[in-house]
Each structure stands twice: as C-alpha cells, then as structure tokens.
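Here are a few exercises to work through with the model open beside you. Try each task before you read its solution.

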Amino acid sequence: MGDGFVAPKLGNMKAVLGILAGAGASYGLYKLVRGIGGNAEKKNRTKKVERSGPDNRAAGNVILEPGSLMAKVSGFNVVGVPKNPSQVTAEASNILTKSPGCLEPRHIGMLLSLLQSSPNASERSQVLITLGNSAAFTVNQDLIREFGGLYVIAGFLTDTSADVRLQTLNALNNLSMNIRNQEQLKVYIPQVLELIEISPVNSELQLAALRLLTNMSVTDKHQHLMRNSVTLFLSLLVVSNEALQLQVLKVLVNMSSNPDMIEEIVQAQAPASLVLLFDGCTNVSVLLRLLTFVGNLMAWTPSAQVAQALRWRPDSLFCVLLDDSSQLHYRLPQLLSHPDGEVKAQVARIFA
C-alpha cells in the first residue's frame, strides 16, 4: 500500500473493498484479530478436500544463447551437451517443444540451469512453463526436488516480471501435488499470501496463488500457516469474480475441515455483506462450497465462555454467519426451494 493509507474499520470495509475492486487496485490485508481463548466441543464433520489439478500450458519456441547452460545442477552432471553452438540451440529448442512426458533427467537439469542464468524474462517464462508441464508427472516432481529445483523455481516468486511470477506459481502448483515436495514448499506460503494481497483483484496472479494454496491445504499439516489470512480470504469473497470466489472457497473448505482450525477461523473479521452470498442468484458451484464451508463451521459448538466473548465482536465471522442473530438463519430456509437439487440437499444436511 502507498504512504498515507489508513486501514479502514470493518464498518467501512464493504465500501472500501468495492472501490478497490472497481479500480483494480492492489488488495489490502485486513489482519486477523486474535486472543479469544476458551475450550470448545467439536462435532464430527464430513471432510471434503479440494485440490487444484495440473496446470498444463503449451510452451513456445525459445532460442537459447550458446554457453548459457551450466555443467551441473545441484550435483547432477549435465552430459552430452554438444559443443557446436548451432547444436546447442537446436537441442535446447527441442527440449522446450518436447512433450512433458518425454523429458529425460538431463533435460530437467538443463532447464534448471537455463532458468538461473537467463537474463531474458520471456525465456524464463517459457522455461518455467516447460518445467511446470513436466511436473504434471510424478517422476519429474521427484526429479526436480532431487536436483534442488524447488528452491530454484520458488526463487522467481519475486521476479520483476509479472508473467515470470505467474509461471512460477503455475509450476509450483503442479509440484505441490507431491506431498514430499510440500515439505519444502511450505516455507514459501507467506510469500504466496503476500502476492495475493498485493496483486490486483481477479488477476491471474491471485488465481494461480490460490490454486497453489488449495493444494498446500489438502492435509492438516500446513493449514496453520494460512490462519492469519482468513480475513483476506473472506474479504476477497465479497469483491471477486466467480472464478476467484471458487478458488478462495476451496482453501476455506479445506481449512474448515480441520476441527483444530475452526476456533481461529470463526474469530476472523468478516465483511457483513458475506451473508448476502447465500442467495439463489449466486453461482451454483460457489453456493455449494459456501454451504460446505458454513456446514463445517456449524458442526463446531463453542463453549458458553467463547461464544459470549465472540458476541462482543460483531465483525467476527461467528457473528456474521453463526450467531443466533445472523441473517444466515433466515436465508438458509429459502434455499430449500432452490432449483438445484444438490443445493437443497446441502441445506437439508445443515439442518439435520
């Protein structure tokens, strides 16, 4: 944010978010307010895990400069590189146009070498596309990790080129489908969250970052690293388009499927207008995930002490969606007459 920006109070959040969305400006993070303790009883909930699938994008032709390939990548010998410059160009161009499933280990090493040495943003983007496409295959996910490629690729999250940052996120998304890779990638979650915060609303960068976080939140292991960004996610829901709403909700559904995360989620600040999304005019796919999310939250029963403390904070998610005074309790019965059978079934399960 620029100098002189003052974080708005939640009462003004809707108006400010609307201005930000309309202007396509960078998005501000409304920090999670914490500090409410107390024990809570937790009921069983049906765990629905959301994943983002491989991001496959066609790689274009790139002419590599002779001599730009390093001899080794993370201790891996790059063998058989021809010395003739025309042969180097031909082989490197051939790598970038190969089918991702046909890449050999030495090709992965050469691509990682080129990625680190190339001064050309367009070239870096094309290499990342090729690496990302190759990472749709488990064997290549493992190879890239073993070559030290996860750290190499993640280093381009801060590249000066927006397209390089985007292709970095796409490659990491595919690589994050590997649980062993997630152990190394978890350290980059704060950077990914920051990219969501500073990128224009509804941008490809935000969408790619959220796809990566969807995979990183599939298990309970790394969800705690996103807990301070619940307010950011909730705020995005009321200003973003359907594609981004859907991706935000995939992360929230994963997080809310973890009973240990619920108490922190319900404490997060939430826009009062969030409840308006529970409407027959909302996109069906978005509405279904909203209902799954709120169903997970309603399976949690706070202690009397925690509930009372939360009621002192009318801007908390608890008050906006869960408390007896929430408009949601008037809106949910109306959805029982929704034309989509799955929506009606979801609402019925919440009332069961």
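**Exercise 1. Find how much space lies in the second largest pocket, and which elements line it.**

Solution. Start with the volume: the second largest pocket holds about 190 Å³ of space. A pocket here is an open set of points on a 1 Å grid over the protein atoms alone, where a 1.4 Å probe fits, with protein on both sides within 12 Å along at least five of seven lines; lining residues have an atom within 4 Å of a point. Points are joined across faces, edges and corners, and the volume is the space filled by probe spheres set on them.

Next, list the lining, which includes Trp300, Arg311, Asp323, Asp324 and His329. Two or more lining residues come from each of helix H14 (284-298), strand E4 (300-302), helix H15 (304-311) and helix H16 (317-322). The largest share, three residues, is given by E4. Helices (H or I, at least four residues) and strands (E, at least two) are DSSP runs numbered from the N terminus.

A word on the source: this is a predicted model, in which local features need pLDDT of at least 70 and side-chain atom pairs pLDDT 80 or more, while totals for chains, interfaces and linings use all residues. Residues are numbered from 1 along each chain as its sequence is written, and side-chain values use heavy atoms, leaving out hydrogens and water.

**Exercise 2. Check the span of helix H10 (residues 204-216), then decide how enclosed the helix is.**

Solution. First, the span: the expected value is 1.5 Å times one less than the number of residues. For the 13 residues of H10 that gives 18 Å, and the end C-alpha atoms are 18 Å apart, in agreement.

Second, burial (under 20% relative accessible area; exposed is over 50%, partly exposed in between; 1.4 Å probe, protein chains only). Twelve of the 13 residues of H10 are buried, so the helix is largely enclosed by the rest of the structure. Among them are Gln206, Arg211 and Asn215.

Third, the partners: the buried residues of H10 pack against helices H7 (162-175), H8 (179-185), H9 (189-198), H11 (230-237) and H12 (242-256).

**Exercise 3. Locate the largest nonpolar core.**

Solution. Such a core joins buried Ala, Val, Leu, Ile, Met, Phe, Trp, Tyr and Cys residues through side-chain atoms within 4.5 Å. Of its 90 residues, Ile153, Phe233, Leu234 and Leu321 touch the most other members. Domain 1 (99-226) and domain 2 (236-351), with bounds from an automatic or database assignment, both contribute residues, so the core lies between them.

Terms used
Contact means heavy atoms within 4.5 Å.
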